[in-house]
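Good morning, and thank you for coming.

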Amino acid sequence: MSAEFISIQKILKANVTAEAMAAAKKFVPGAIKIYGVGMPLLNELAMKFKTGGFGLVKELWQSGAFEEKILAAKMLRKIAKKNPMQSLETVKYFAEGICNWAVCDAIGMQSLQPIRTTHKQEIFTMAAELSKPQNLWKRRLSLVLVEWYTRDKSTHDEINRLISSLENDKEYYVRKAVEWIKRNLRKEK
């Protein structure tokens, strides 16, 4: 374990609150190992430890705690421009270990934000690949990755193709993402 990782864990353990623990358990079914800290702290840690790079991001992800996975997604956003291709590969790696909507959405909405315009085609290719597996979180991630593009009318046909493959999905969280994306598309018409 790196010194940065150990420091992060100490900070997380020192800032546990009953309120944050209760909120995580209530709003994030499927979150398994929870510290019970608020998002403002995770935002601070992402800024403070962004120099840890891809190694620290992976170490946080592998630890498996809810807040550490959210922090990994937030930190990836801070370093994505340094190596866009490694960032895309890291998101694919993350997709294998998603177990709740909050982690899924943090990855999809935040991790690749700095490279959305420069790597649009790669993101859409990844979204199409993720829309096919049995894993419901990969299918949800495929939609969340393209949510930002609902603001760009030139991408609507591609988004609609992705939606059409998932709109009759049996999983609640995938159907919720489909409705979210459809609602955003309607706003942009």
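The largest nonpolar core has 62 residues, and the members that touch the most others are Phe66, Ile107, Leu141 and Leu143. By nonpolar core I mean a set of buried Ala, Val, Leu, Ile, Met, Phe, Trp, Tyr and Cys residues joined through side-chain atoms within 4.5 Å. Buried stands for under 20% relative accessible area, exposed for over 50%, and partly exposed for what lies in between, with a 1.4 Å probe and protein chains only. Helix H5, residues 66–79, supplies the largest share of this core, eight residues. Helices here are DSSP runs (H or I, at least four residues), as strands are (E, at least two), numbered from the N terminus.

Before I continue, two remarks on the basis of all this. The model is predicted, so local features need pLDDT of at least 70 and side-chain atom pairs count only at pLDDT 80 or more, while totals for chains, interfaces and linings use all residues. Residues are numbered from 1 along each chain as its sequence is written, and side-chain values use heavy atoms, with hydrogens and water left out.

As general background, nonpolar side chains in soluble globular proteins tend to be buried together. Which residues does leucine 141 contact, leaving aside its neighbours within four places in sequence? They are Val91, Ala95, Ile98, Cys104, Ile107, Gly108 and Leu130. Contact means heavy atoms within 4.5 Å.

Helix H8 (residues 120–130) and helix H9 (residues 136–146) have axes that come within 8 Å and cross at roughly 155°. The axes are lines fitted to C-alpha atoms, for helices over the stretch in contact, and the angles run from 0 to 180 degrees between N-to-C directions. H8 and H9 are therefore roughly antiparallel. The cut-offs are under 35 degrees for roughly parallel, over 145 for roughly antiparallel and 65 to 115 for roughly perpendicular, with the rest called oblique. The crossing of H8 and H9 is left-handed; that is, the near helix is turned anticlockwise from the far one by less than a right angle, whereas clockwise would be right-handed.

H6 contributes Leu88, Val91, Lys92 and Ala95, and H8 contributes Glu122, Ile123, Met126, Glu129 and Leu130. By class, the contact of H6 with H8 has six nonpolar, no polar and three charged residues.

The next pair brings us back to H5. Helix H4 (residues 53–63) packs with H5 at about 160°, their axes being 7 Å apart. H4 and H5 are therefore roughly antiparallel, and their crossing is left-handed. From H4 come Gly53, Phe54, Leu56, Val57, Leu60, Trp61 and Ser63, and from H5 come Glu68, Lys69, Leu71, Ala72, Met75, Leu76 and Ile79. Ten of the contact residues are nonpolar, two polar and two charged.

Asparagine 100 sits in the loop between H6 and helix H7 (101–111). Is asparagine 100 buried or exposed? Its relative accessible area is 1%, so asparagine 100 is buried. Beyond its neighbours within four places in sequence, asparagine 100 contacts Val28, Pro29, Gly30, Ala31, Phe66 and Trp137.

Threonine 117 lies in the loop between H7 and H8, and is exposed at 63% relative accessibility. Its C-alpha atom is 35 Å from that of alanine 20, 97 residues away along the chain. Phenylalanine 27, in helix H2 (residues 18–27), is partly exposed at 48%. Aspartate 157, in helix H10 (residues 156–164), is exposed at 56%.

Notes: Nonpolar A, V, L, I, M, F, W, Y, C, P; charged D, E, K, R; others polar.
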